[in-house]
Amino acid sequence: MATEKTASPAPRRRVRADAQRSIAQILAAADRLVKRVGPAVPLDEVAREAGVAPATLYRHFPTRMHLFERVYGDRTARVAEHARALTGTGEPMETLRQWLDSFVSLGIESQGVLVQLMAQGLRQSDAAGNAERGHNLVVDAVDGLLRQAQDAGAVRADIDPEDVVFLVSGVILALGSQPGAAPDERRTRADRALHIVLRGISSP
């Protein structure tokens with residue numbers, strides 16, 4: 001079995017088409033396996049699932065942290081894109097609630113994965129950069145949903161996307177600080193906290 005390396009990946013350069021295909025296969029396999037096995041899944045197993053050689057996986061993702069940074073970065077981008085797809089559809093406040101619920105779920109999961117990876121002695125390759133990119137994606141994404149709720153008179157006019165992300169991120173951090181909570185209990189707490197946040201930003 002190959003051993004995880006600790007070196008950072010080489011600086012980014014133009015990726016050949018075959019390498020892009022390999023990266024896409026690896027990311028898709030990792031996304032499937034983390035749902036079934038969790039972040040402790042061996043990278044060699046990810047390589048088998050992706051149909052690539054272990055050396056190919058390690059060339060692009062030297063450690064499990066590098067791989068899951070990318071997996072959850074891509075998931076965040078998909079959640080952000082979903083917000084844009086939802087804008088202009090459905091009842092504005094309910095649409096905002098549904099999207100924020102998916103954001104909370106992703107945030108709790110990704111925070112849990114990060115804690116497990118750090119417990120293995122791994123560190124993010126660019127913690128500040130990852131946080132800033134994720135924050136900017138989510139703030140931009142929620143803007144359209146928030147504006148349509150405000151246009152409908154459902155949300156206070158003085159609320160901006162940063163306010164919403166700040167409040168909901170606090171919910172994620174609070175829930176993530178209780179790793180021993182059962183999934184059903186955590187879901188109940190998340191629903192209640194999100195309900196309180198939405199009541200707080202709603203128009204009187």
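This is a guided tour of a predicted model, one selection at a time.

**Whole chain**

Start with everything shown as a cartoon. The secondary structure comes to eight helices and zero strands. Read along the sequence, the pattern is α-α-α-α-α-α-α-α. Orient the view along the principal axes: the C-alpha atoms fill a box of roughly 60 × 40 × 25 Å.

Colour by burial next. Of the 204 residues, 40% count as buried. Among contacts with a separation of 6 or more, 72% join residues 24 or more positions apart.

Select the charged side chains. There are 26 positive and 25 negative charges, and their mean positions lie 7 Å apart.

**Helix α2**

Select residues 43-50, which form helix α2. Which residues of this helix are buried? They are Leu 43, Asp 44, Val 46, Ala 47 and Ala 50. Look down the axis: these residues sit on the same side of α2, because they cover an arc of only 155 degrees around it. An α-helix has 3.6 residues a turn, so residues three or four places apart point the same way.

The buried residues of α2 pack against α1 (17-36), α3 (54-60) and α4 (64-86). Then step just past the end of α2. Gly 51 is there, with a positive phi of about 75 degrees.

**The nonpolar core**

Zoom out and select the largest nonpolar core, which has 56 residues. Which residues have the most contacts inside it? They are Val 46, Leu 67, Phe 68, Leu 96, Trp 99 and Leu 100. Val 46 is also one of the buried residues of α2.

Colour the core by helix. At least two residues come from each of α1, α2, α3, α4, α5 (92-119), α6 (127-151), α7 (161-176) and α8 (183-201). Helix α5 gives the most, with 10 residues. As a general background, nonpolar side chains tend to be buried together in soluble globular proteins.

Centre on Phe 68. Leave aside its neighbours within four places in sequence. Phe 68 is then in contact with Ala 30, Val 34, Pro 39, Val 41, Val 113 and Leu 117.

**Val 79, in α4**

Stay with α4 and pick Val 79. Is Val 79 buried or exposed? Val 79 counts as buried, because its relative accessibility is 16% and the cut-off for buried is under 20%. Show what Val 79 touches, not counting residues up to four places away in sequence: Trp 99, Ser 102, Phe 103 and Leu 106. Trp 99 is among the core residues with the most contacts. Now draw a C-alpha distance from Val 79 to Leu 137. These two are 58 residues apart along the chain and separated by 9.1 Å.

**Gln 148, in α6**

Move to helix α6 and select Gln 148. At 15% relative accessibility, Gln 148 counts as buried. What does Gln 148 touch, not counting residues up to four places away in sequence? The list is Leu 86, Thr 87, Gly 88, Thr 89, Pro 92 and Thr 95. Take the distance to Pro 92: C-alpha to C-alpha, Gln 148 and Pro 92 are 6.1 Å apart in space, yet 56 residues apart in sequence.

**Ala 19, in α1**

Go back to helix α1 and pick Ala 19. Ala 19 is buried, with a relative accessible area of 12%. Draw a line to Thr 56. The C-alpha to C-alpha distance is 8.7 Å, for a pair 37 residues apart in sequence.

**Val 37, in a loop**

Where is Val 37 found? Val 37 is in the loop between α1 and α2.

Note on methods. Residues are numbered from 1 along each chain as its sequence is written. This is a predicted model: local features need pLDDT of at least 70, side-chain atom pairs count only at pLDDT 80 or more; totals for chains, interfaces and linings use all residues. Side-chain values use heavy atoms; hydrogens and water are left out. Helices (H or I, at least four residues) and strands (E, at least two) are DSSP runs, numbered from the N terminus. Buried means under 20% relative accessible area, exposed over 50%, partly exposed in between (1.4 Å probe, protein chains only). Contact means heavy atoms within 4.5 Å. Lys and Arg count as positive and Asp and Glu as negative; His and the chain ends are not counted. The place of a charge is taken as NZ of Lys, CZ of Arg, CG of Asp or CD of Glu. The arc is that of the directions from the helix axis to the C-beta atoms. A nonpolar core is a set of buried Ala, Val, Leu, Ile, Met, Phe, Trp, Tyr and Cys residues joined through side-chain atoms within 4.5 Å.
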